[in-house]
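Hi,

Here is the structure I promised to pass on.

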Amino acid sequence: MHSFQELTIQFGEHFAKEHFPEKPKKLYNAASHILKIGGKRIRPILALMGNELFDTIHPDAYQVGTAVELFHNFTLVHDDLMDKAPLRRNQPTVHTLYGDTAAILAGDVMLINVYEYLNKVQPQYKQKLLAAFNKAAIEVCEGQQMDMDFEEMEPEHVQYNDYVNMIALKTSVLLAASLKMGAIIGGGSEYNQDHLYQFGKNVGIAFQIQDDFLDAFGDPEKFGKQQGGDILVNKKTFLLLKALELCNGVQKTKLKELLATNPEDKVAQVLELFHDCRIDKWAEKEKESFHDLALAHLEKIAVLSARKQPLIELADFLLKREH
């Protein structure tokens with residue numbers, strides 16, 4: 001069995017190649033840009049881990065890993081364009097460097113290449129892999145639309161459970177599907193595949209709670225971002241939506257006022273309200289709740305416990321990280 005760190009190195013060596021031809025130069029430079037600025041590569045590693053949970057890693061798992069990594073980066077290119085974001089991982093976004101048209105086309109060609117890689121796998125499980133991937137891809141688009149719809153709504157009109165569902169679709173289902181596709185290659189039964197999928201989905205939700213928590217309460221030196229960046233732009237997060245639900249009338253009125261006025265000490269005031277409403281304590285418990293649910297699904301998978309250990313360690317690492 002391999003650790004996440006070991007598989008990260010292995011996949012990095014596999015992925016470190018030119019994925020596109022040279023011409024048209026602007027199109028393929030745009031597509032290559034997002035890949036060259038890096039990332040954690042979590043999704044392809046999950047595909048490898050899903051395979052190895054049941055059997056020795058098959059070369060087809062690398063094809064699937066490449067496909068899901070290209071798909072993830074395709075979504076980032078288009079998301080940045082929709083959000084008009086100037087930076088991604090502290091580097092200029094694709095549309096900022098190459099223009100909106102090239103960004104749209106670069107995303108499109110990346111998506112087409114996803115299917116080129118998926119078509120390279122052995123035929124006996126290609127249909128199941130495509131079904132799992134297509135379901136996740138559609139749900140990611142649904143989650144992105146929900147996120148954009150929520151952006152147009154006042155925070156108090158966004159229901160917490162709807163937000164959780166949006167995060168599950170936008171973020172978690174691709175993590176879960178990566179594991180499931182790896183399990184398909186590894187020969188896992190449908191029962192085991194389903195529990196592994198639920199493990200990934202719940203880890204993904206817990207991961208986003210931790211991300212929101214770190215933005216508000218993390219050490220900016222370790223997290224690598226300005227503290228309270230989400231607060232400054234009134235981003236709807238787990239913390240904000242739950243604060244609007246849990247705070248008393250006076251606190252809720254004050255919070256709404258801060259969202260509307262943007263004083264210089266807005267972050268400090270909102271964080272004080274979060275502390276007063278014990279949102280930091282709630283977030284820790286909510287994250288642990290999804291973590292525990294994920295582990296409960298992993299426990300039900302019918303393989304030796306030792307084979308599950310890398311996934312347990314990965315979940316702990318992702319949810320206890322400080323950056």
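Let's start with His195, which is buried, with a relative accessible area of 12% (buried means under 20%, exposed over 50%, and partly exposed in between, using a 1.4 Å probe and protein chains only). You'll find His195 in helix α9, residues 190–217. Helices here are DSSP runs of H or I with at least four residues, strands are runs of E with at least two, and both are numbered from the N terminus. Leaving out residues up to four places away in sequence, His195 touches His297, Lys300 and Ile301, where contact means heavy atoms within 4.5 Å.

Before you go further: this is a predicted model, so to speak of local features we need pLDDT of at least 70, side-chain atom pairs count only at pLDDT 80 or more, and totals for chains, interfaces and linings use all residues. Residues are numbered from 1 along each chain as its sequence is written, and side-chain values use heavy atoms, with hydrogens and water left out.

On the whole protein: there are 16 helices and 2 strands. Its radius of gyration is 20 Å, close to the 20 Å from the globule rule for 323 residues, so the protein is as compact as a globular protein of that length (the radius is taken over C-alpha atoms, and the rule is 2.2 Å times the number of residues to the power 0.38). Of the 323 residues, 54% count as buried.

Now the inside. The largest nonpolar core has 108 residues, and Val64, Met110, Leu196, Phe199, Phe238 and Phe274 touch the most other members. Such a core is a set of buried Ala, Val, Leu, Ile, Met, Phe, Trp, Tyr and Cys residues joined through side-chain atoms within 4.5 Å. Helix α8 (residues 160–186) gives the largest share of this core, 17 residues. Setting aside neighbours within four places in sequence, Val64 has contacts that include Ala47, Leu118, Met181 and Ile185.

One helix pair is worth a look, too. The axes of α1 (residues 4–15) and α4 (residues 59–83) come within 11 Å and cross at roughly 80°; axes are lines fitted to C-alpha atoms, for helices over the stretch in contact, and angles run from 0 to 180 degrees between N-to-C directions. The two helices are therefore roughly perpendicular to each other (65 to 115 degrees; under 35 is roughly parallel, over 145 roughly antiparallel, the rest oblique). Gln10, Phe11, His14 and Phe15 of α1 meet Tyr62, Gly65, Thr66, Glu69 and Leu70 of α4.

Cheers
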